[in-house]
Amino acid sequence: MYLCLQVQCVDSETSAVRRFGDTWLRWKGQRVEYCRCSMRGRERCHVVPVINCYVSHCYNGGTCKEAVYTSDYICQCPRGFSGSQCEINSNERCVTGQGEGYRGTWSISHSGAACVNWNSTSLMGRRFTARKNDASSLGLGNHNYCRNPDGDSTPWCYVYSGSQVVWEFCSLPKCPEATCGERLDNTLNRPSFRMSGGRESDITEQPWQAVINVYQARLKTHFHRCGGVLIDSCWVLSAAHCFEDNAKAEKLEVILGRTFRKQNSSSEQIFKVEKYWIHEKFDNETFDNDIALLKLNTDIGMCAVNAPEVFPACLPERELDLPDWTECEISGYGKESEFSAEYSERVKRGYVRLWPKERCVPAVLSGRTVTANMLCAGDTRGLDDACKGDSGGPLVCRNRDRMTLMGVISWGDGCGQRDKPGVYTRVTHYIDWINAKIKANPV
């Protein structure tokens, strides 16, 4: 498996480079081996027992295992991800902006030369290598993939030019210039099936939809808590009432890019939550100011990577007021009816219309308080509506050809009842609040 050299061990399968004296863990079937690169480039390995890491070091849904007798760890990565921390995303095939956050697997320079592994001994003395203290945050590691660690115009890598090592830009394509509210998959008119009401859908049709799960220590697993809306790479909006139990941020996880709620997917992106904020004036009786903001956890300066399955919705301008009866979309993984036993296994999408303010009143909602911070939207046929488990999810409406987040799913009087709208947090009232939190907590 290993090509043995005098001063380093090179993995012929992964191209990982180990120097003399390096130690690492590797999978050997279902077991884990502890290895050392010894004299003449030979690796010495033996099986070691592992346990689940107390604090996970793995990104993108990877499972962290820690050797019992050392502090070394190893990650089991979901399909489509690799690297020591599952930080490499093989589905990332283009560059956004200058590509400082690019974590894909392109490894060819403009001249057609193969990139040199960032951990290679031939790069000793160079400024940017996998041995740099902040290498992981720059995307550098034991691989030869193109990266942009110095803020250059596009990703680059070192290559061999004869016997010399030089650097060259990489021949990576640019991603489509889009910032929010667009669907990058143009093959959308696929069959759909009978939310409450609503229709089973594909995540590419609402790529801003997030799943928010909470960890239950007694059962040692995550459970569905609410929906959420991606509004920027590291920021997700949800409903305040989803966090009334003051769950610790480290118990939460956010999943993006998943069509089926419980099934792993090569398109998914999974994040821990660094911190979240419930609106300071949230009223848990009336659900006034029912909004929360979550900051995803990262140490590489960005979180979610734009893809057909993962893309932020646009925030509205503060003064935006769409016409009554504008058709909008809602989505989520909530129950199909008020008394369903389970949440939906597949993301669903429904169509509702914005109700006039004069009809968004207590009289149509069993006397419950309706404040100026709320808006109503419903399907006059009594078919499509949000339901339990959809809370925190999006109400998006088309504005200037972009899907714009006008509401966050908040509450309702039952699910899908005729002439009873759903009630949503009016996002235009919270733009200053959102921007202030983001500005005060830079990534």
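**Strands and aromatic pairs**

At 6% relative accessibility, Trp355 counts as buried (buried means under 20% relative accessible area, exposed over 50%, partly exposed in between, with a 1.4 Å probe and protein chains only). The model is predicted: local features need pLDDT of at least 70, side-chain atom pairs count only at pLDDT 80 or more, and totals for chains, interfaces and linings use all residues. Residues are numbered from 1 along each chain as its sequence is written, and side-chain values use heavy atoms, with hydrogens and water left out.

The structure holds ten aromatic pairs (rings of Phe, Tyr and Trp, the last by its six-membered ring, pair if their centres lie within 6.5 Å; planes under 30 degrees apart count as stacked, over 60 as edge-to-face and the rest as tilted). One of them joins Trp325 and Trp355, tilted, at 6.0 Å centre to centre and 50° between the planes. Trp325 lies in the loop between β20 (292–296) and β21, and Trp355 in the loop between β22 and β23, so the pair ties together parts that are 30 residues apart in sequence. Trp325, at 31% relative accessibility, counts as partly exposed.

Strands here are DSSP runs of E, at least two residues, numbered from the N terminus. Five of the seven residues of β22 (residues 348–354) are buried, so this strand is largely enclosed by the rest of the structure. Strand β21 (residues 327–332) runs antiparallel to β22, joined by six bridges (two strands pair if DSSP finds at least two bridges between them). Two bridges join β22 to β23 (residues 374–378), also antiparallel. Arg353 of β22 is the bridge partner of Glu327, and Gly378 in β23 is the bridge partner of Arg353.

Definitions and conventions:
Helices (H or I, at least four residues) and strands (E, at least two) are DSSP runs, numbered from the N terminus.
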